[in-house]
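Welcome to this structure! Here are some notes to read alongside the model, point by point.

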Amino acid sequence: MEESKKLPVATLRAVKVFLLATLDTKGSEAKYVRDKLMSEGVEVALVDTGCLGNAKVKADIPREEVFQAAGVTLEEMQKQGERGVAVNAAARGATALVESSYREGELMGVLGLGGSAGTVISTAAMRALPLGVPKLMISTLASGNVRPFVGNRDLCFANPVADILGLNRISRITLGNAAAAMAGMVKAAPEESRADSRPQIAATMFGVTTPCIEKAREILDEAGFDVVVFHATGNGGEAMEALIREGIFSGVLDVTTTELADEQIGGILSAGPNRLTAAAEMGVPQVVSVGAMDMVNFGSRDTVPPAFEERIFHVHNAEVTLMRTTVDENASLGEEIGRKVSAAKGLSEIHLPRMGVSAIDREGQPFEDEAARGALFDAVRSSAATVPVIEHDSHINDSAFAEAAAQALLSLIEKQK
């Protein structure tokens, strides 16, 4: 590594929390949060991620070290005078410092505060840390869509209510509460439980497939597995795929693959194009089904794009509108499932419930559609060239289907040993 790109030697050997802030604009507020943390007995390293203005508070880790960790110099960034370039470099540097300090055992949590730039910088560093390390962002963006900043990490947001500009009656309360929350997280010992030592299985669930997963979970739990259930709301699927790639699961019960429909058709709960690929690539045993493939998700009824106005809808509640998938869409979705599962390096099976794929796809329910279900199943059969496709004369939420899927996964895990 070139001299200019070496990480600076940490000056604090017993740091517990990194506090990230642009000290040219958030100096007094960062000092207030630092003092609150220290009053709670938490050791703090105040990290200056600013660039263009003058720091108003002395940092424990100055901005020069942040940019050095990014492989650039503060002088280069100031000479360019480009705020966006500086923010991206600060994010890289903060991430490198946080990762290095965590590896050295010097860091137990990260707290950030800021507006849009500070949020970009701080959350980039937080996403580099593993599950379980406390991560808290005090952000003026907290009341909006924070999914791009959270990613698939256990990252918490705190809404400061007022802008982070000066200390006042409101900011002292919100910043102080956030500091107390971080202090509580880093001082709390991780929970020890029987589940910690058991092999883990990932499972996917939606409200309309809950009975299936509840029953399957009982069976898998009795077999000695710790079942981690992911809600198929886009972020849930992304998180599961990422954790599968980290190698923490012994098997996957991917009953609820509905996020594929949102990705293909344009709903709001997509988990991206890589959904249903991690277990296949990692060779993790998996049982896959077609739960909630009868629907695409939107927000309130008035948010549905005009192009879909002639479709069949079910208003789940004031904030969730479900749209029935068509015969052609089901054929396309079935082909995707069969193709992706067929690429698996490990043992895999696809299980199909002939009597319906969700709580509202069964006789007498609003999304019951045998033709659409038939197109889905036909496409799965024709595209799943290398994996078994098992069909059941039951509904996805029937105990018989749940038991069959859970037992099938247990069998695959045992065989792959």
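1. A definition comes first, as it is needed below: two rings of Phe, Tyr or Trp (its six-membered ring) count as a pair if their centres lie within 6.5 Å, and the angle between the planes sets the type, with under 30 degrees called stacked, over 60 edge-to-face and the rest tilted. Please also keep in mind that this is a predicted model.

2. By that definition, the structure holds three aromatic pairs. One of them is formed by F230 and F249, whose ring centres are 6.1 Å apart; their planes stand at 85°, so this pair is edge-to-face. It joins distant parts of the chain, with F230 in strand β7 (residues 226–231) and F249 in strand β8 (residues 249–254), 19 residues apart. Both F230 and F249 are buried.

3. Another pair to look at is F298 with F308. Here the ring centres are 5.7 Å apart and the planes meet at 45°, so the pair of F298 and F308 is tilted. This pair also links distant parts of the chain: F298 belongs to strand β10, while F308 is in the loop between β10 and β11 (313–317), and ten residues separate them. F298 and F308 are both buried.

4. A ring can also have a charged neighbour. R301 lies over the face of F313, at 4.1 Å from the ring centre.

5. Now for the backbone. L276 is not a glycine, but its phi is positive, near 70°. You will find L276 in the loop between α10 (259–265) and α11 (278–282). Is L276 buried or exposed? The cut-off for buried is under 20% relative accessible area, and L276 has 3% relative accessibility, so L276 counts as buried.

6. A292 is another residue with a positive phi, about 60°, although it is not a glycine. Its place is the loop between β9 (286–288) and β10 (295–298). With a relative accessible area of 0%, A292 is buried.

7. The C-alpha trace spans about 70 × 50 × 40 Å along its principal axes. Of the 417 residues in the chain, 54% are buried. Among contacts with a separation of 6 or more, 72% are between residues 24 or more positions apart.

8. Last, the surface and the charges. The accessible surface of the chain comes to about 18200 Å², and carbon and sulfur atoms contribute 51% of it.

Terms used:
Residues are numbered from 1 along each chain as its sequence is written. This is a predicted model: local features need pLDDT of at least 70, side-chain atom pairs count only at pLDDT 80 or more; totals for chains, interfaces and linings use all residues. Side-chain values use heavy atoms; hydrogens and water are left out. Helices (H or I, at least four residues) and strands (E, at least two) are DSSP runs, numbered from the N terminus. Buried means under 20% relative accessible area, exposed over 50%, partly exposed in between (1.4 Å probe, protein chains only). Contact means heavy atoms within 4.5 Å. Accessible areas come from the Shrake-Rupley method with a 1.4 Å probe; for residues, only the protein chains shown count as cover. A charge sits over a ring if NZ of Lys or CZ of Arg is within 6 Å of the ring centre and within 35 degrees of the ring normal.
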